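Here is a short tour to read with the model open beside you.

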Amino acid sequence: MPLRGKQPSGLLTQQKMLRAAVALFLEKGYTKTTTGEISKAAGMGQSSFFHVFPSKEGLLLELVRRMFGGQFRLAEQHGTDDPVFLYAVETALQLHIAELTEPLRELYVMSYSLPTTSAYIYQSTAARLVQIFGAYVPDAQAKDFYEMEIASAGMMRGFMSVPCDLYFTMEAKIRRFLDCALKLYNIPPQQREAVTAAVLQMDLHEMAAEMIRKTVQQAEEGFAELVSDANGK
């Protein structure tokens, strides 16, 4: 997803920075990675970074847009018309991604914590919640879904930040999160249990790993495509 209003040279710089940042974030985590390191890994000066992103958080916002779009598309590949099930898959997938590595855990927790990235998550998800849960809470208005998303996102951040252990297993984490989140949106108990059981039958660990592989692949392909376009002109 290119930044709006960027010239071809700006798009190429942006993609170089994103490609470098993805590699560094996966290796070192978000906090320990500096804009200077991203610029150096991209083969550019640090001033170039600030020509395309206002800050490291601004770069993360662009990455969050791509990653969340990717996980939504991955969930939708399962050929169901049940939006509640898709919501459950998407959220369970995030919990799995956060367990893959500690840098990924930090990256997702930061995405739910920083002002611009969390605002993007609240706003974009709240708009979808109207379509997903509107029939279950018919009296709710758009602002109500926004407020409920802040609540469920807070739960997501908390669940992600605590690593699984012998007692708080991934299955337990998914069950508890989905029970709390779906209850918030007034999903009946039997439906909550059926959706949760169906989600737990899926190979979410492999889906999460595939999601990260695709994120890295898209960063590489986007860069290669821009270079090819630039060389062809």
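How many nonpolar, polar and charged residues are there in the lining of the second largest cavity? Sorted by class, the lining has four nonpolar residues, three polar residues and one charged residue. Please keep in mind throughout that this is a predicted model.

## The cavity and its lining

Let's stay with that cavity for a moment. Rolling a probe the size of a water molecule over the atoms shows where empty space is left. A search of the whole structure turns up three cavities of 30 Å³ or more, and the second largest cavity holds about 70 Å³ of space.

To find the second largest cavity on your screen, select Gln15, Leu18, Val22, Leu63, Arg66, Thr215, Gln218 and Ala219, which line it. Helices α1 (8–28), α4 (56–76) and α11 (204–231) each supply at least two residues of this lining.

## The overall fold

Now zoom out. The chain has 11 helices and zero strands, so you can read the elements from the N terminus on as α-α-α-α-α-α-α-α-α-α-α. Of its 233 residues, 46% count as buried. If you look at contacts between residues at least 6 apart in sequence, 71% of them join residues at least 24 apart.

## Where α9 meets α10

Next, turn to helix α9 (residues 170–184) and helix α10 (residues 189–200). Their axes come within 10 Å and cross at roughly 145°, and α9 passes α10 in a right-handed crossing. On the α9 side, the contact is made by Glu171, Ile174, Arg175, Leu178, Asp179, Leu182 and Lys183. On the α10 side, the residues are Arg192, Glu193, Val195, Thr196, Val199 and Leu200. By class, this contact has six nonpolar, one polar and six charged residues.

Is arginine 192 buried or exposed? Arginine 192 counts as buried because its relative accessible area is 12%, under the 20% cut-off. Leaving aside neighbours within four places in sequence, arginine 192 is in contact with Asp179, Leu182, Lys183 and Ile187. The C-alpha atoms of arginine 192 and leucine 178 are separated by 7.5 Å, and the two residues are 14 apart along the chain.

## The loop between the two helices

Asparagine 186 lies in the loop between α9 and α10. Most residues other than glycine have a negative phi. Asparagine 186 is not a glycine, yet it has a positive phi of about 70°. With a relative accessibility of 48%, asparagine 186 counts as partly exposed.

Glutamine 46 is found in helix α3 (residues 46–52). Its relative accessibility is 40%, which means that glutamine 46 counts as partly exposed. Which residues is glutamine 46 in contact with, leaving aside its neighbours within four places in sequence? They are Thr35, Gly36 and Ser39. For threonine 35 and glutamine 46, which are 11 residues apart along the chain, the C-alpha atoms are separated by 6.9 Å.

Proline 115 is in helix α7 (residues 115–133). Proline 115 counts as exposed because its relative accessibility is 58%, over the 50% cut-off. The C-alpha atoms of proline 115 and leucine 61 are separated by 9.9 Å, with the two residues 54 apart along the chain.

Note on methods. Residues are numbered from 1 along each chain as its sequence is written. This is a predicted model: local features need pLDDT of at least 70, side-chain atom pairs count only at pLDDT 80 or more; totals for chains, interfaces and linings use all residues. Side-chain values use heavy atoms; hydrogens and water are left out. Axes are lines fitted to C-alpha atoms, for helices over the stretch in contact, and angles run from 0 to 180 degrees between N-to-C directions. Helices (H or I, at least four residues) and strands (E, at least two) are DSSP runs, numbered from the N terminus. A crossing is left-handed if the near helix is turned anticlockwise from the far one by less than a right angle, and right-handed if clockwise. Contact means heavy atoms within 4.5 Å. Ala, Val, Leu, Ile, Met, Phe, Trp, Tyr, Cys and Pro count as nonpolar, Asp, Glu, Lys and Arg as charged, and the others, Gly among them, as polar. On a 1 Å grid over the protein atoms alone, a cavity is a set of points where a 1.4 Å probe fits but cannot get out, and a pocket is an open set with protein on both sides within 12 Å along at least five of seven lines; lining residues have an atom within 4 Å of a point. Grid points are joined across faces, edges and corners, and a volume is the space filled by probe spheres set on the points. Buried means under 20% relative accessible area, exposed over 50%, partly exposed in between (1.4 Å probe, protein chains only).
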